[in-house]
Amino acid sequence: MHAFFYTITISLCIIIPVILAILVRRRFRVSWLLFGVGSFTFIGSQVVHIPLNNLLSKIGILPAGTDTGWMIAQTAIVLGLTAGICEELARVVGYLVLKRARKAEDGLMLGIGHGGIEAMIIIGVLSGSAIAQLFYLRGVDLTSLNFTPELMVQIQTQLDTFNQPAIIGLLPLAERLMAMTLHVILSLMVLYAFQKGKRIWVLWAILYHAAVDGIAVSLSINSVPVLMIELLFFASLLPGIIWVVKTFGKQLKANLQPRLPIEWRLFGVSLRKELVQLWRTKMVLVIVGVFALFGMASPLLAYFMPEIFGSIEGAEMFKNLIPEPSTKDAMDQYLKNLSQFGFLIAIMVGMGSVASEKEKGLTEMILHKPLPRWAFITSKFTAQTLVYIAAFLIAEILAYIYILVLFEPISFGLFTTINVLLLLWLLCFTAITVLGSTVSRSIGAAAGISLAGSVVLMLSTQIPNYGSLSPQALMGWAGLLSSEMSFSLPTSNFSALGAAVVLIIMCLIWAVGLFEQQEL
Amino acid sequence: MTTNMETNAAIRCAELTRYYGEVKALDHLNLEVPKGSVFGFLGRNGAGKTTTMRLLTGLANPTHGSAWIDGIETTNGNPAAGYVYGYLPQQPVFYNWMRTWEYLDYVGRLFQMPTARRKQRIAEVLEQVDLVSATKRRIGGFSGGMKQRLGIAQAILHEPKVLLLDEPTSALDPAGRYEVLDWIRSLNGDITVFLSSHILGDIERICDQVAILHEGKLVKVGERDAILAEYSTNAVELQVDPGAEALLSQFAARLQNQPWVESVNLEPRQVRIMISDTEAGKQQLLLLVSAAQLPLARLEWVRPSLEEVFLELSE
């Protein structure tokens, strides 16, 4: 039951910001770009915030311990102020970039983007693996593991949550919703500074942020019960909520627009056209053909590798050096082949999806009609996703049959899990390519941007301490599953899975946001 | 700014402005296009005609101002505004892999037309633009003229109240051009047509309302006949049969003495008379011609062409 509630929390922390943004979009016609910029203001602020805290810790301004009352107070003040300064100044930069975003609803969307990506990263990405590891440790004798006493205490405290009612798993969700509310309030406070031309409101925002964060930090250090901390956190939001209603209530009411008509049917029309286009332009055949070929050929190649070497003149001696092929070799071949060629196909298929239509003038012909731009972009991604699902399904079935015939049988469920991870990994490249294609006006530029983005993603696993959080780490997880031939929590990487979902969502939001601003 | 406006204007632009850097592509355009009119939009290259079309259709964003079509704002990024108008861009392009009916079917679906109605309208518009024989052909093999006709078909498929046509006859051969012009004229006030064209003869032939744009600014707008009358030159041209040159010369000399004549320009068989008092001229000119017993081949009160008015205003 705990697992169920934690899964709900993780899923909703990723989905709720998007749903909130959709609601704001429908009622105020705010651009998705505001959400995207809001997400960047959070990420940008953390690029400064985290090293700044490390620096303050090194020079002693941020105390190393929390032994005395003063040290606790100092920690709360410093952490609160650095959060306030970094995040509010990032919001200021966001508004400076968005020169026209001065309406109340713009602040609302920017705040949802800022708080939304924070929820997605903290819960959707970072918590995934941690919770999985806790579930693993639940049945393990901690003393048998090589943990330090401090770490042991920390882990035991976290494990104690499993002794509480399962619904406690929803607490992080409630906390993130409150944090999102705080970010909306702060975004509106900074917006107010721009609306009224009074910089003092940026300072008020910093101080309010510092106060709310500082209280939470000191309560947390003082081991106040979590539920009490959350209640006090909510209470600290009330003055902000009252200020927002008083200051922006009338503006928001006046700016309400009639609801947009139901657009899902148009998304369906566009998706249908995209699928027909992929079929008619033979893209479906190419994708499914390549995947089917490698699905079939991977076990065959692994099985006949010794014979292949034996038949090559001058390489006969290697035949006996190659160990007898196993299921693992077949799976490794499968992973290697599909990842190498799948990634290239994702770029080749996706790079022209938007750019070529802009280049030819097709977007001008179609997008003055009632088709919304979000539907235009997302239908392209969805159509490619559906084709990849079909391609993976065929590749999986063919590979599974050949593995059954040539090697030891493997679990179909496990093999399907590996394929789902591969699919999700591939969709990251598809989303990056759709974004690259939206940003550029020519297919060549789209290919360049998509390739560069994909290379960055592939190299991201090399980032010290953070590499395992990259969607690229899904390949590592899939590799471990294939070598161990079983699913286990210690080798799982739900953070990479969450990161892949978040990356895909953010690429699409940025693509739609930028496309809405473009002239066709 | 309101989204819906009850108005008699099919198209309304309020301070519609678009700058590209320092260049004012469109400068505070205030324009009302009456419902049911065929409205000609004239201007030299770069005058701002296509920019206006793109702003009206939401393909470009205004620097300032707003526009409404049939009372619905089209400059606020609301895709639902697309239901009220049909648009033919200057160079229509299509998915080359699609067949003619398939493209129109796709467009009909985008307008959420019910299946039966969609099929019926596709048959009707293909008939109207003379593409019935190409119904199942791939668009990739179409000529420029066929694409232009398909462009018109997709613009009128959903029976819009307002039709925006950017150079609709530019890629058509003379026969095709006349067919399209006849069709526009046959709309008989059911649809408001807002069209831009470089072919001023076309505009003069079918438009009852005209606007002239110059360097992004609206320099003239109104009923075609009123504009032509305003720029009337009060000139009369008179031509005689061969052999009557001497008589014509004597007649021209006599005209010089008339108080209602401003100037007389004599050519071998023709004289152009500029009249200062139109009423007196109308009463006395024919009497003088009769008295001089001129063998008259042609007598015409010269009205300025739209081209002349356009050139004068856009210089």
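How many residues of chain A are in contact with how many residues of chain B? Read on through the views below. This is a predicted model, where local features need pLDDT of at least 70, side-chain atom pairs count only at pLDDT 80 or more, and totals for chains, interfaces and linings use all residues. Residues are numbered from 1 along each chain as its sequence is written, while chains are lettered from A and ligands numbered from 1 in the order in which they are written.

**View 1. Where chain A touches chain B.** Here 25 residues of chain A are in contact with 27 residues of chain B (in contact: C-beta atoms, placed from the backbone, within 7 Å). On the chain A side, α9 (264-280) and α14 (362-366) are the elements that give two or more residues, and α9(A) has the largest share, with six. (Helices are DSSP runs of H or I, at least four residues, strands are runs of E, at least two, and both are numbered from the N terminus.) Sorted by class, this side of chain A has eleven nonpolar, five polar and nine charged residues. Nonpolar covers Ala, Val, Leu, Ile, Met, Phe, Trp, Tyr, Cys and Pro, charged covers Asp, Glu, Lys and Arg, and the others, Gly among them, are polar.

**View 2. Chain A on its own, with 19 helices and zero strands.** Its C-alpha atoms fill a box of roughly 80 × 70 × 40 Å along the principal axes. Buried residues make up 45% of the 520 in chain A (buried: 20 or more other C-beta atoms within 10 Å of the residue's own, with C-beta atoms placed from the backbone). Of the contacts in chain A with a separation of 6 or more, 82% join residues 24 or more positions apart.

**View 3. A closer look at A:Ala431 in the largest nonpolar core.** A nonpolar core is a set of buried Ala, Val, Leu, Ile, Met, Phe, Trp, Tyr and Cys residues joined through C-beta atoms within 7 Å. This one has 214 residues, and A:Ala431 and A:Cys507 touch the most other members. Helix α19 (residues 494-517) of chain A brings the largest share, 18 residues. Leaving aside neighbours within four places in sequence, A:Ala431 is in contact with A:Phe381, A:Leu503, A:Ile504, A:Cys507 and A:Leu508. Another core, of ten residues, lies apart and includes B:Leu248 and B:Phe251.

**View 4. The two domains of chain B.** An automatic or database domain assignment gives domain 1 (9-223) and domain 2 (231-313). Eight residues of domain 1 are in contact with five of domain 2.

Methods. Contact = placed C-beta atoms within 7 Å. Buried ≥ 20, exposed ≤ 12 C-beta atoms within 10 Å, placed from the backbone.
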